[in-house]
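Biologist: I would like to learn how to read a model feature by feature. Can you take me through one?

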Amino acid sequence: MRRVARTAAAAVCTLSVLTLAACGSEGGDTATDAKKGGAASSAAPAEKEPFADMSGPDVISAAFKNIHKATSLRLSVDMRSTDAPMKADFSTTVDGARCAGTTDMGAGGSMSIIKIAETVYMKLDETMLRAQSEGESEADIQATVDMVADHWMAEKASDPDTKDMIGFCDLKSLLSEFEGGDTEAKKAGTTTLDGTPALRLTEKDGEETYSVLVSTEGDPQLLQVSSTGGDEPMTMTFSDFDKPVVAEKPAAKDMVDVG
């Protein structure tokens, strides 16, 4: 399970480069359109530049702060790593009290998570169980698969290993790292994401280009962060603001007690 947590953390670390790293280049290159959470399409130049009275860093700072005003949202991540691709899709309340989603590691298997208050329910498929049990005897692996695969297990959210698995449910901790960060992001024109008008901001860091899409409807609202040009291109999309989070305790027949 720790490999899943490390891969998820890598996506978060990639995101943090945009707002925490001191980048010295001018930027201005745009990232490729996102494939996760909807494609961004070019739009005709607006008559008036969105947020004309704000700098690029000011827009990004406002967008990260405004996301805390939502009661809930959906977070989708698509990271194409050389070690293992990862896709994650979570709906969570901003305070993390209710959260539900899945993490897909491709050939490494998949895992589902439901968090209700301080209890976390986890379900791993057979592929992930076998990958995480590498090095154990075949008899032990098979016994684990027979007992646990595709069944829900209940754990405490405060357990160290469990805490690593629910990082995408803890938006307060994730997003607080970005507020007030050092960025030299430049405005790079307007676009749309799933029909929502957006301002694109970009920044270069070596061979990598980081791109942020911010809604231009009302106050700046974070829609998407992506990176291209590096070893681990990544897209993180925010949507479904203020929609109810469906997180229900699994039925007893679908659970297993692992002691």
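Predicted model: local features only at pLDDT ≥ 70, side-chain atom pairs only at ≥ 80, totals over all residues.

Biologist: Start with the helix. Which residues of helix 4 are buried?

Modeller: First the general idea. An α-helix has 3.6 residues a turn, so residues three or four places apart point the same way. Now the case here. Helix 4 spans residues 138-148, and its buried residues are Ile141, Val145 and Val148. They sit on the same side of helix 4 because they cover an arc of only 95 degrees around the axis. Ala139 and Asp146, on the other side of helix 4, are exposed.

Biologist: What covers the buried residues of helix 4?

Modeller: The cover includes strand 6 (119-124), helix 3 (126-132) and strand 7 (152-156). Look past the helix as well. Asp150 follows helix 4 and has a positive phi, near 60 degrees.

Biologist: Now the strands. How many residues of strand 9 are buried?

Modeller: In general, the side chains of a regular strand alternate between the two faces of the sheet. Strand 9 (residues 196-205) is mostly covered, with seven of its ten residues buried.

Biologist: Which strands pair with strand 9, and in which sense, parallel or antiparallel?

Modeller: Strand 8 (residues 186-193) pairs with strand 9 in the antiparallel sense, over six bridges. Strand 10 (residues 208-215) also runs antiparallel to strand 9, joined by eight bridges. Lys186 stands opposite Thr202, and in strand 10 the bridge partner of Thr202 is Ser211.

Biologist: Where is phi positive in the hairpins?

Modeller: The hairpin of strand 8 and strand 9 has two residues between the strands, and Asp194 there takes a positive phi near 50 degrees. The hairpin of strand 9 and strand 10 also has two residues between the strands, and Gly206 takes a positive phi near 65 degrees.

Biologist: How do I read a buried charge? What does the side chain of Asp125 reach?

Modeller: Asp125 lies in the loop between strand 6 and helix 3. Asp125 is buried yet has no salt bridge; Arg130, the nearest side chain of opposite charge, is 9.3 Å away. The side chain of Asp125 does reach the backbone nitrogen of Met128, at 2.8 Å. Leaving out residues up to four places away in sequence, Asp125 touches Gly109, Ser110, Ala149 and Asp150.

Biologist: What about a salt bridge within a helix? How far apart are the closest N and O atoms of Glu126 and Arg130?

Modeller: They are 2.9 Å apart. Glu126 and Arg130 are four residues apart in helix 3, so about one helical turn separates them. Glu126, Arg130 and Glu138 are linked in a network of salt bridges.

Note on methods:
Residues numbered from 1 in each chain as written. Heavy atoms only, no water. Buried < 20%, exposed > 50% of the residue type's maximum accessible area, 1.4 Å probe, protein only. Arc of directions from axis to C-beta. Contact = heavy atoms within 4.5 Å. Pairing = 2+ DSSP bridges. Lys, Arg positive; Asp, Glu negative; His and termini not counted. Salt bridge = Lys/Arg side-chain N within 4 Å of Asp/Glu carboxyl O. Polar contact = N/O pair within 3.5 Å; in protein donor to acceptor, adjacent residues only side chain to side chain.
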